[in-house]
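Please read it with the sequence and the coordinates open.

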Amino acid sequence: QLFGKIVSVKALSDKNVTIVNGSKLKAGEVMNLKPFDRVVMGKKNLFLFRQPLIESKTMSQEQIGMQIDTYDFNFAEDEMFKDQLDAQMKAKKAQEEKERAEFERNRKIREEQMKLERERIDEEKKKMLLEVERMKLLAGQDREAAERRMREMEERQRQMAEDMRRKEDEAKKQELEEKRRQTNRLAQAEYVRMALTRLVPSVTEANDIVHELRVPISFEMTAISFPNAHGDLVSRVFVKVVNRML
């Protein structure tokens, strides 16, 4: 609608989608347009609103050029599907929080296990020290037996120290592997988000076409994750055809 110098757009119903700058208008809602507003009518009609006379009075040629470069088709398309993208970003953030919480939980479990193991080894050492003192007292009675027992305890201490180092090394390896897997999972989640972002407009348009042609099929996006030969998670995004007659 045109009222003097003011141009406005009105959403006639909720069935006929009207979007201005990424915001969907409710039925009966009217919005006045400004230069470079993006207007979507239906699901396939996308317009960039221009008012050359007003633009020349309020903006320099450089500013107008920057606006034209900024508000291209890709920008308007991303804006049109802002809700879907926001939902994907929210899901991605929730997944990242879940991954971080799981990593922190596993880290605390490993720390507690190492703490218990150190306490057990310290207790063993205390017992050995008591045994050493007892052997010293008995050394005069059976020196050979005391020396043999001392050597056995020294070997036991050495084994415990080696076991402790080995377990600490294993814990570090597990932590590094878990970090690597977490990084891979986040990378795969980002891949899925980007793939869905690129596919949403095409799938939406394809569904509109088959609907208008009254073809009893629809297209749906699906993401599948599976481990590869190295055990790393790999994600792929597919578009599947659904037979609505079944």
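The side chains of Arg105 and Glu102 meet in a salt bridge, with an N to O distance of 3.8 Å; a salt bridge here is a side-chain nitrogen of Lys or Arg within 4 Å of a carboxyl oxygen of Asp or Glu. The model is a predicted one, in which local features need pLDDT of at least 70 and side-chain atom pairs count only at pLDDT 80 or more, while totals for chains, interfaces and linings use all residues. Residues are numbered from 1 along each chain as its sequence is written, and side-chain values use heavy atoms, with hydrogens and water left out.

- Arg105 and Glu102 are three residues apart in helix H4 (residues 82-138), so about one helical turn separates them; helices are DSSP runs of H or I with at least four residues, strands are runs of E with at least two, and both are numbered from the N terminus.
- Arg105 is partly exposed because its relative accessibility is 45%, and Glu102 is partly exposed at 37%; buried means under 20% relative accessible area, exposed means over 50%, and partly exposed lies in between, using a 1.4 Å probe and protein chains only.
- Arg107 forms a salt bridge with Glu104, and their closest N and O atoms are 2.2 Å apart.
- Arg107 and Glu104 also lie in helix H4, three residues apart, about one turn of the helix.
- Arg107 is partly exposed at 21% relative accessibility, and Glu104 is partly exposed with a relative accessible area of 29%.

**A salt bridge between distant parts of the chain**

- Asp232 and Arg181 form a salt bridge in which the closest N and O atoms are 3.9 Å apart.
- This pair links distant parts of the chain, with Asp232 in the loop between S8 and S9 and Arg181 in helix H5 (residues 143-212), 51 residues apart.
- Asp232 counts as buried because its relative accessible area is 14%, whereas Arg181 is partly exposed at 29%.
- Glu177, Arg180, Arg181 and Asp232 are linked in a network of salt bridges.
- A search of the whole structure gives 16 salt bridges.

**The S8-S9 hairpin**

- Strand S8 (residues 217-227) and strand S9 (residues 233-243) run antiparallel and are joined by eleven bridges; two strands pair if DSSP finds at least two bridges between them.
- The two strands form a hairpin with five residues between them, and Gly231 in the turn has a positive phi of about 85°.
- Val234 in S9 is the bridge partner of Phe226.
- Lys240 is found in strand S9 and is partly exposed, with 41% relative accessibility.
- The C-alpha atoms of Lys240 and Glu220 are 5.4 Å apart in space, although the residues are 20 positions apart in sequence.
- Not counting residues up to four places away in sequence, Lys240 touches Ser218, Phe219, Glu220 and Thr222, where contact means heavy atoms within 4.5 Å.

**Asp37 in a loop**

- Asp37 sits in the loop between strand S5 (30-32) and strand S6 (38-41).
- Asp37 is buried because its relative accessibility is 3%.
- The side chain of Asp37 reaches the backbone nitrogen of Lys34 at 2.7 Å.
- Beyond residues up to four places away in sequence, Asp37 touches Asn21, Asn32, Phe47, Leu48 and Phe49.

**A nonpolar surface patch**

- Ile209, Leu213 and Val215 form a nonpolar patch on the surface, with about 250 Å² of accessible area together.
- Patches are made of residues with over 30% relative accessible area and no salt bridge; like charges are joined within 9 Å, and nonpolar side chains (Val, Leu, Ile, Met, Phe, Trp, Tyr) within 5 Å.
- Leu213 is in the loop between H5 and S8 and counts as exposed, with 61% relative accessibility.

**The chain as a whole**

- The secondary structure comes to five helices and nine strands, in the order β-β-β-β-β-β-β-α-α-α-α-α-β-β from the N terminus.
- Of the 246 residues in the chain, 27% are buried.
- Among contacts with a separation of 6 or more, 50% come from residues 24 or more positions apart.
- The accessible surface of the chain is about 17,600 Å², and 55% of this belongs to carbon and sulfur atoms; accessible areas come from the Shrake-Rupley method with a 1.4 Å probe, and for residues only the protein chains shown count as cover.

Conventions
Polar contact = N/O pair within 3.5 Å; in protein donor to acceptor, adjacent residues only side chain to side chain.
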